Amino acid sequence: MDYDTDPAPFDLKGSRTGVLLLHGFTSTPQSVAHVAHGLHRLSGASVRVPLLAGHGTTPEELAQTGYRDWLASAEAALATLRQECDRIVVAGLSLGGTIALNLAIRFPDRVDRVVTINGSTGLYRPDQVASLFGDRPEPFQRGIGSDIRHPDRREICYDRIPSTTMRERFVLTCATGAMLPELRQPILVFQSRIDHVVAPENGLRILRDVGSSDVGLVWLENSFHVATLDHDRDLLVEKIGEFILANRR
């Protein structure tokens with residue numbers, strides 16, 4: 001069954017192991033739905049996929065939000081899942097991966113394991129940063145969605161991004177990158193070899209800088225940025241499922 005057409009948030013009830021799976025910047029749960037359902041079938045875990053504030057509506061509504069709102073959406077979903085489950089794995093794609101790292105660092109008593117898929121830690125080109133802090137930036141920038149190698153799959157996402165939220169994303173990714181040494185939980189990092197949105201060096205930085213002694217890195221050889229919709233999406237299900245079911249903390 002294909003779950004690639006519905007942008008709504010959803011919950012899949014299962015065991016007392018919970019997976020919080022977070023979509024990326026300007027995207028929706030549609031982008032991670034195939035992986036979510038695959039993990040539910042493979043591991044039997046309860047899976048929650050929330051919609052981050054300002055997403056799934058219009059770019060104008062996204063412009064009214066910032067990183068505190070996106071974090072609050074994830075924190076609320078984590079709190080609900082923690083009430084239902086004894087063990088929590090937080091995972092995310094792109095900015096969702098950044099938020100997964102952030103939650104694990106700030107709430108170590110609530111998060112037992114972490115997974116990032118092409119997560120950003122604040123490594124940007126100088127020109128990308130300069131464009132965010134000009135005196136008169138354009139109110140909207142071109143969208144960054146659907147960076148997918150597969151010819152027939154598309155991500156439901158905004159085609160315009162409010163410049164104010166690009167700056168909010170910059171603050172969140174850079175701050176989270178600075179906090180990486182505080183992350184102690186087991187972590188599994190996925191990184192596409194070719195990624196036109198987040199520099200692949202971010203995956204190596206996570207591997208290098210986290211304080212965990214249990215770190216794994218899987219290179220994705222056949223997917224671009226939105227790997228959860230790309231050729232490697234079933235590989236993600238397989239590897240994350242193994243990680244969820246591992247007996248280590």
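How do the residues of the lining of the largest cavity divide into nonpolar, polar and charged? The legends below take up this question and then turn to other parts of the chain. The structure is a predicted model, in which local features need pLDDT of at least 70 and side-chain atom pairs count only at pLDDT 80 or more, while totals for chains, interfaces and linings use all residues. Residues are numbered from 1 along each chain as its sequence is written, and side-chain values use heavy atoms, with hydrogens and water left out.

**View 1. The largest cavity and its lining.** A cavity is a set of points, on a 1 Å grid over the protein atoms alone, where a 1.4 Å probe fits but cannot get out, and its lining residues have an atom within 4 Å of a point. Grid points are joined across faces, edges and corners, and a volume is the space filled by probe spheres set on the points. By this rule there are two cavities of 30 Å³ or more, and the largest has a volume of about 100 Å³. Its lining consists of Gly-24, Phe-25, Thr-26, Leu-93, Ser-94, Ile-144, Gly-145, Glu-155, Arg-169, Val-197, His-225 and Val-226. These residues divide into five nonpolar, five polar and two charged, where Ala, Val, Leu, Ile, Met, Phe, Trp, Tyr, Cys and Pro count as nonpolar, Asp, Glu, Lys and Arg as charged, and the others, Gly among them, as polar.

**View 2. The second largest cavity.** This cavity has a volume of about 30 Å³, and the residues that line it are Phe-25, Ser-94, Leu-95, Ser-120, Tyr-124, Arg-169, Thr-173 and Val-198. Its lining divides into four nonpolar residues, three polar and one charged.

**View 3. The salt bridge between Glu-84 and Lys-13.** A salt bridge is a side-chain nitrogen of Lys or Arg within 4 Å of a carboxyl oxygen of Asp or Glu, and a search of the whole structure finds ten of them. Helices (H or I, at least four residues) and strands (E, at least two) are DSSP runs, numbered from the N terminus. Glu-84 counts as partly exposed because its relative accessibility is 28%, whereas Lys-13, at 56%, counts as exposed; here buried means under 20% relative accessible area, exposed over 50%, and partly exposed in between (1.4 Å probe, protein chains only). Both residues belong to a network of salt bridges that links Asp-11, Lys-13, Arg-48 and Glu-84.

**View 4. The salt bridge between Arg-160 and Glu-60.** The closest N and O atoms of Arg-160 and Glu-60 are 2.8 Å apart. The pair links distant parts of the chain, Arg-160 lying in strand β7 (residues 160-162) and Glu-60 in helix α2 (residues 59-62), 100 residues apart. Arg-160 is partly exposed, with a relative accessible area of 32%, and Glu-60 is also partly exposed, at 38% relative accessibility.

**View 5. Thr-116 and its surroundings.** Thr-116 has its place in strand β5 (residues 113-117) and counts as buried because its relative accessibility is 0%. Leaving aside neighbours within four places in sequence, Thr-116 is in contact (heavy atoms within 4.5 Å) with Gly-92, Gly-97, Leu-101, Ile-187, Leu-188, Val-189, Phe-190 and Ile-206.

**View 6. Helix α1 and what covers it.** Eight of the eleven residues of helix α1 (residues 33-43) are buried, so the helix is largely enclosed by the rest of the structure. The buried residues are Ala-33, His-34, Val-35, Ala-36, His-37, Gly-38, Leu-39 and Ser-43, and what covers them includes β1, β2, β3 (46-49) and α8 (233-245). Just after α1, Gly-44 takes a positive phi of about 75°.

Technical notes: On a 1 Å grid over the protein atoms alone, a cavity is a set of points where a 1.4 Å probe fits but cannot get out, and a pocket is an open set with protein on both sides within 12 Å along at least five of seven lines; lining residues have an atom within 4 Å of a point.
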